[in-house]
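This report guides a new reader through the structure shown below. It begins with strand pairing and then turns to other topics.

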Number of protein chains: 2
Amino acid sequence: MPSRARPKGRGVPSVELLRLGHRAGRDPRLTTHLALVARAFGARRMYLHPPDPAIAERLAAVARRWGGAFEVVGVDDWRRTVREFDGLVVHLTMYGLSLERVAPRLARASHLLVVVGGAKVPPALYGLAGVNVAVGHQPHSEVGAAAVFLDRVRGGVPASEFVGAECTIVPRARGKSVRTARSRSRR
Amino acid sequence: MPSRARPKGRGVPSVELLRLGHRAGRDPRLTTHLALVARAFGARRMYLHPPDPAIAERLAAVARRWGGAFEVVGVDDWRRTVREFDGLVVHLTMYGLSLERVAPRLARASHLLVVVGGAKVPPALYGLAGVNVAVGHQPHSEVGAAAVFLDRVRGGVPASEFVGAECTIVPRARGKSVRTARSRSRR
């Protein structure tokens, strides 16, 4: 089994995502899933090109209910977002170098912008990215690839509850248990 | 960083998936993504309830082109698939026990059926499953959760090419390179 990307003892990098080529009519659920993955693994925000206020609002509602400060930020000029990013720009693509091979570079970065393409990726992106990384060299899901990437570089979903959550889950072997802020304050 | 679910030296378990509550009109892309994740991480097949021949055919085309024997098998009676499964049935749910906590049980299993619900999960599933597992206790993507689960228990995407592939990717730092069976036979 390959080792995790980040050596023990290193800090966890801060992560932002950039979703390119979103098609509002066709991809709302896939882009929503990508944003949920980003949030669950502790990313700070997801830039979305082109902007889609409906998805930004959906994720804002999730953050109000389940806590944290994750946000979806629409961008009109994605090249500018990439160029002005102050850290390592990582393009996830099945054509890139394997995650295991680039692990040492990732381990040195403290701030990552993870770029996730849609159906058609602008060829310029391969050159603009600091590194092109493949989570396996098979046809894949960008949602699945992003989840595995974030799990490897951030070391799993944060166990602590997200700040300001109205609802938190109480893990159970069977069935569901959700604690609301009101029931918690009664304790 | 939490350790991987499977201790070094253990064999990799064989995995099948069961996707419940698929809605052919609404979920084709999400279910396709789930199947691609299952295939990329080396699962043998994905059972799909209710059946959807269009998705089965789409994944058969992927397997013809990119190799391997992954298949999507429609099932009308999912309870029977669960009951007759000869191994550990793992239900992925944000309400379950954490992946880290159930890792020892997973490490002892040689054959896993990973059940992934849709929008509404039949309550009976929580009781029928051998274990209910959460990849984080946050609202999530079932595609992302399945990818991380498979990455942890199977130790990454298999590096070797899938058997009988017409196409294989040659990893590159920039751009795309695909080798076809014909160009390979010229070497």
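## Pairing around strand E5 of chain A

In this predicted model, Val89(A) stands opposite Leu113(A), a residue of strand E5(A). Val89(A) and Leu113(A) face each other where strand E4 of chain A, residues 88-98, pairs with E5(A) in the parallel sense over five bridges.

Strand E1 of chain A, residues 14-19, also runs parallel to E5(A), and six bridges join the two. Here Leu17(A) is placed opposite Val114(A) of E5(A). Strand E5 of chain A spans residues 111-116 and is mostly covered, with five of its six residues buried.

## The sheet of chain B

In chain B, six strands form an open sheet with parallel pairing, in the order E3-E2-E1-E5-E4-E6. Strand E3 (71-74) and strand E6 (131-134) of chain B stand at the edges with a single partner strand each, so one side of each has no neighbour in the sheet. On average, neighbouring strands of this sheet are turned by 30° against each other, direction ignored. In general, the strands of a sheet pair through backbone hydrogen bonds, in either a parallel or an antiparallel manner.

Within this sheet, strand E1 of chain B (residues 14-19) and strand E5 of chain B (residues 111-116) are paired in the parallel sense over six bridges. Glu16(B) stands opposite Leu113(B) of E5(B). Helix H6 of chain B, residues 142-154, lies across E1, E4 (88-98) and E5 of chain B, and runs at about 165° to E5(B).

## The nonpolar core

The largest nonpolar core contains 104 residues. The residues with the most contacts inside this core are Val114, Val115 and Ala146 of chain A, together with Val114, Val115 and Ala146 of chain B.

Val114(A) illustrates these surroundings. Neighbours within four places in sequence left aside, Val114(A) is in contact with Val15(A), Leu17(A), Val90(A), Leu92(A), Ala146(A) and Phe149(A). Of these, Leu17(A) is the residue named above as standing opposite Val114(A).

## Relation of the two chains

The same surface serves both copies, as 100% of the contact residues of chain A recur in chain B.

How values were computed
Residues numbered from 1 in each chain as written. Chains lettered and ligands numbered in written order. Predicted model: local features only at pLDDT ≥ 70, side-chain atom pairs only at ≥ 80, totals over all residues. Contact = placed C-beta atoms within 7 Å. Buried ≥ 20, exposed ≤ 12 C-beta atoms within 10 Å, placed from the backbone. Helix = DSSP H or I, 4+ residues; strand = E, 2+ residues; numbered from the N terminus. Pairing = 2+ DSSP bridges. Axes fitted to C-alpha atoms, helices over the stretch in contact; angles between N-to-C directions. Core = buried A, V, L, I, M, F, W, Y, C linked by C-beta atoms within 7 Å.
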